[in-house]
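Here is a short briefing on one protein chain. Look over the sequence and the model first, then read the points below.

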Amino acid sequence: MEIFLIKTLQFMLAISILVLLHEGGHFLFARLFGIRVEKFYLFFDPWFHLFEFKPKKSDTTYGMGWLPLGGYCKIAGMIDESFDTDQMKQPVQPWEFRAKPAWQRLLVMIGGVLVNFLLALFIYSMLLFTWGDTYVPTKNMTGGMKFNSEAKALGFRDGDILVGTEKGEFKEFGVDMFRDLSKATRADIIRDGKAMTITLPGELNMLDMLRSKPMFVEGFISSEIDSIIPGGALDVTGAMKGDRIVAFNGKPIDSYNDVKNEIGCLSDVLATVTTPADSLRVRTSVVITERAGVRDTATVVLSPELKLGFFPKFPNYTSVTREYGFFESFPAGVSYGLGVLGGYVDDMKYVFTSDGAKSIGGFGTIGSLFPGTWDWYQFWKMTAFLSIILAFMNILPIPALDGGHVLFLLYEVITRRKPSENFMLRAEYVGFAILILLMVVANLNDILRWLKVF
């Protein structure tokens, strides 16, 4: 419960910061051009609000809604999610959005996206300045890597060390490495201390590489026991630090990766049982450990979460740390942020596949990305990533989003013809319906994942 609360608090704080600054971008440009802002709200307020106030001599009411799905900046004389059609029937006033030239209205609409994008670059820069950049290059993973059957069919072997592709060396083990591998025609590896290359098709599905069980490639982790969790399944067997798990339910084990894969198979079975007796049967397992060449066989009962109750001996690889001065952190942060954006845009192609649609996540998925302990580095890194996503998603040419308004304004600038208010109102309804549908699908996916439907 504590972990859930910490994740939720981090998520709510990050979203509040991003929404306030996004709407603040619209507000800033609107006021710059003398456009009246009637309401400025954090979160939505259908039917009622938590609080609101209006400063003296101000045209703007500030407040906080109860529905944490975003926020809004109600700009006078503009068709937006408020669907205020009565105002649009009145004569045009000089302080209204619709009274201003197209270029000013365009800047007002991209203000939120611009602030979110610049915020992400600023956060990445300050992360590099404050903490530097620490990582383990893949070539330093001298214990080797573990590959699944699809990878082995391409020529990889367990123990190979991935170094890079024709695009260059990998920085570290992560999604960027998978992305490069999926598009590569050559993989550079180290096998038995010798540099080698493996020919790749250049069109691997990155989503399949990450979602397959086991994954396309993982860092090799020994099955040697580093510590036993008191009261855990292995605690009653007499297993000790330094022992190795060599078999699980009759299957040979040569790594902790194998242990995870076998338990993953049990998880799929456990999801189908309906009685406590069946659950106990699935969780009852036979484990063989080895100490100084002597093997010991024990029957254990895994926890309801299918925990075996031990920590493996993780490899201690040499990391690299690069420090950044204040001024040099900014170009480095911009480069990093653009790389994140490029990777996110590149991965959008998977959304239009059946597996990609299932991978879309809602608030539960986003919240789960935050750490279970309060870590300011991870919090700000995740906030910067969400800011990039918010900027990109809002600039998509979908009515009701900033990008939809930008599209219509560009049409006006090019053709010198302004879309009718009836057309804009209908487009807003359509766009709002699309957004609601996407939100329902994303959060339904979260529920289905929680129910282990997929």
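Accessible areas come from the Shrake-Rupley method with a 1.4 Å probe, and for residues only the protein chains shown count as cover. By that method, the accessible surface of the chain comes to about 24,400 Å². Carbon and sulfur atoms own 63% of this surface. The model is predicted: local features need pLDDT of at least 70, side-chain atom pairs count only at pLDDT 80 or more, and totals for chains, interfaces and linings use all residues. Residues are numbered from 1 along each chain as its sequence is written, and side-chain values use heavy atoms, with hydrogens and water left out.

**The whole chain**

- The chain has 14 helices and 16 strands. Both are DSSP runs numbered from the N terminus: helices are H or I with at least four residues, strands are E with at least two.
- The C-alpha trace spans about 90 × 55 × 40 Å along its principal axes.
- Of the 454 residues, 42% count as buried. Buried means under 20% relative accessible area, exposed means over 50%, and partly exposed lies in between (1.4 Å probe, protein chains only).
- Take the contacts between residues at least 6 apart in sequence: 63% of them join residues at least 24 apart. A contact means heavy atoms within 4.5 Å.

**Nonpolar cores**

- A nonpolar core is a set of buried Ala, Val, Leu, Ile, Met, Phe, Trp, Tyr and Cys residues joined through side-chain atoms within 4.5 Å.
- The largest one has 24 residues. Phe156, Leu162, Leu181, Phe216 and Val217 have the most contacts inside it.
- Elements giving two or more residues to this core are β4 (145-147), β5 (161-165), α5 (175-183), β7 (186-191) and α6 (206-211).
- A second, separate core has 23 residues, including Ile15, Ile123, Met348 and Leu386.
- Val217 touches Met145, Lys146, Phe147, Leu162, Phe173, Met177 and Phe178, leaving out residues up to four places away in sequence.
- In α5, the residues Met177, Phe178, Arg179, Leu181 and Ser182 are buried. Their cover includes β5, β7, α6, β9 (217-219) and α9 (326-347).

**Two buried loop residues**

- Asp160 sits in the loop between α4 (149-153) and β5. Its relative accessible area is 1%, so Asp160 is buried.
- The side chains of Asp160 and Arg191 make a polar contact of 2.8 Å. A polar contact is a pair of N or O atoms within 3.5 Å; within protein, one must be able to donate a hydrogen and the other to accept it, and residues adjacent in sequence count only if both atoms are side-chain atoms.
- Gly309 lies in the loop between β14 (294-301) and β15 (310-312). Gly309 counts as buried because its relative accessibility is 10%.
- Beyond its neighbours within four places in sequence, Gly309 is in contact with Ile228, Ile229, Gly232, Ala233 and Leu234.

**Backbone exceptions**

- Most residues other than glycine have a negative phi, and most peptide bonds are trans.
- Lys57, not a glycine, has a positive phi of about 60°. Lys57 is in the loop between β1 (37-53) and β2 (61-75), and counts as exposed at 92% relative accessibility.
- Asp192 also has a positive phi, near 55°. Asp192 lies in the loop between β7 and β8 (194-199), and is exposed at 74% relative accessibility.
- A cis peptide bond joins Lys213 and Pro214, with omega about 0°. Pro214 belongs to the loop between α6 and β9.
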